Amino acid sequence: MTDDERETQHLPAPSLWPIGFALGVACILVGLVISVPALIVGAIIALVFGFLWVRDLFVQHPVTSATDMAAAPATAPAVTEADLGSNVDRATFLSLATIGVGGLIGAAATLPPLGFAVLPSFMGEGVKTHDVDLGPISNFPENEYVIATYLENPDAGEVSRRTAFIRNNGRTEDGIPSFTAIYSRCVHLGCPVQPNGPIDEQAKKEVNGIELRPVLAASFGCPCHGGLYDSEGNRSAGPPVRSLDRFEFSIKDGNLILGRVFSVGNVDGTGAKARITKYYKAYPGVHVDGVEKWLYPIPTPGSTG
Amino acid sequence: MAKSGRKGYETAVLVPLDWVEERSGLVGYTKWFLFRKVPHDISWAQTLGAASLTAFIVQLITGVFLAMYYRPDPATAYASIQNITTEVTLGWLVRGMHKWGASVFIILMFLHMARVFLFGAYKYPRELNWIIGALILVLGMLEGFTGYLLPWDNTAYWATVVGINLNATAPFLGPFLAQFLQGGLNINPDTLPKFYALHMLLVPGGIMALIGLHLYLVVRLGVTSPTWSHTAAGRERPETAGPREGLIREPVAEGGES
């Protein structure tokens, strides 16, 4: 911006009031010479037009240059205004039109890539949550944990390898088969939890590409940051914020089927008598109960379904 | 003889420069950028920013050439890294430069930050440059996070699992951030190319843009002299700067401040 432009912006807008004021003053001077009524008329004209002129200056001067430009056409002869049928002048209209059309083009160009960048993560794509068949129940001796590892999505390869710790609890008091099916993902930050106890490698079995290894697990420990869980998955030491996640399960044609993962607040009791507080599947480190659960009010899409 | 040599030099160097200057003004801008007045008592401490920039440029160049051999696919990523390290001529060197240079870049940024903090160089009128620098640091760490996954071995995988789940523990939007990073409910085959694209396109682009702003402000505001300095720092205050003082630190009076 040059100095010239700055100067012109501080000039008051064109106005008719000074001309009227000058006429009034001239009338006063003439009246002083020839007649009193002309003097009075001149005085009134000068006062009125002088007042309007000064008022105009006070209205226009304190405002900034931007609004000055907008205010100017109000007093100037408004040819362009009439053409447009509004109180927006040509330059303002073109500016707004450029911004508007440019904004539309920009939105058309950026919104699809932005949606493409963000939305696929939340549409449940690329995650196959089909049930996993672990084979006949007879593979699971009572009151003993079995490590089951399988590929959740064989197309995805080793990335989708998951591990579950399954324990046959016999039957509940109602005579329903009971299993404890713990997901190996540590609920601190997601490392793979290991069973603390000897693994019986001799009794290893392969069923439908699923590896089953019995283990005498008195507890579960996480190698990353020392989280420790008891045999029910309750936290007994370290940084985890809840109990280990579990799988829903069902029994179909005598086979044990693993379903969806759910999160567990706490487990009361053991084995078939355990009472489990169940929540939607939450990320590791996320509280599902207590006061802290209010920090995570919105479940992510896909975790509840 | 000497005179004609001088003339030859002028013809060979200055005439092309004048030609470029007349048509672009770039020679003037380059001089404005490079030939600046600095306080006489600056030391090696003030070179840490330029050192960080050099480390970043090393990362850029080595990264571009590593990208020619790396395959961001879960089935072949690890094998392609092994190929770079063991088969491609000088691959071990360039990959080593990129791997160790990443740590050097972060360390130099922290040292640079410490210098700016201890010298009070973040104060008026340089607050904005501190903020930009902090953003560069954040993006630099994001480069480290996304780059660490690329070898796709167990260390990389589980470190990324932990890193993503750390993000998930942030209140309110943490789980959404984690889900965005891993591109779904679990880490999946798309996560690796996603991290690769972030690592080599989006984040470096952001860092380059911010470095441009950072350098512009350094040149505009000048280098700060040490706090114990007896000479003024910074450029002459522009006449348009307004009534506020402070662009130039006033020299400390002899005998120090009381």
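1. Confidence. This is a predicted model. Chain A has an average pLDDT of 84. At least 70 is reached by 84% of the residues of chain A.

2. Two segments of chain A need care. Residues 1-8 have pLDDT below 50. Beyond near neighbours in sequence, that stretch makes 1 contact in the model. Residues 63-74 of chain A also stay under 50. For residues 63-74, the model has 12 contacts beyond four places in sequence. Where pLDDT is low, the predicted coordinates should not be read in detail.

3. Make-up of chain A. The chain holds 6 helices and 13 strands. It has 305 residues, and 23% of them count as buried. Take the contacts in chain A between residues at least 6 apart in sequence: 48% of these join residues at least 24 apart.

4. Chain A against chain B. Each side is counted in residues: 24 from chain A and 24 from chain B. On the chain A side, 15 are nonpolar, 8 polar and 1 charged.

5. Helix pair in chain B. H6(B) spans residues 127-149 and H7(B) spans residues 154-168. Their axes come within 8 Å. The crossing angle is roughly 135 degrees, and H6(B) and H7(B) are therefore oblique to each other. H6(B) contributes Phe145(B), Tyr148(B) and Leu149(B) to the contact. H7(B) contributes Ala156(B), Ala159(B), Thr160(B) and Gly163(B). By class, this contact of H6(B) with H7(B) has 5 nonpolar and 2 polar residues, with no charged ones.

Notes
Residues are numbered from 1 along each chain as its sequence is written. Chains are lettered from A and ligands numbered from 1 in the order in which they are written. This is a predicted model: local features need pLDDT of at least 70, side-chain atom pairs count only at pLDDT 80 or more; totals for chains, interfaces and linings use all residues. Axes are lines fitted to C-alpha atoms, for helices over the stretch in contact, and angles run from 0 to 180 degrees between N-to-C directions. Helices (H or I, at least four residues) and strands (E, at least two) are DSSP runs, numbered from the N terminus. Angles under 35 degrees count as roughly parallel, over 145 as roughly antiparallel, 65 to 115 as roughly perpendicular and the rest as oblique. Two residues are in contact if their C-beta atoms, placed from the backbone, lie within 7 Å. Ala, Val, Leu, Ile, Met, Phe, Trp, Tyr, Cys and Pro count as nonpolar, Asp, Glu, Lys and Arg as charged, and the others, Gly among them, as polar. pLDDT is the predictor's confidence in each residue, from 0 to 100. A residue is buried if 20 or more other C-beta atoms lie within 10 Å of its own, exposed if 12 or fewer, and partly exposed in between; C-beta atoms are placed from the backbone.
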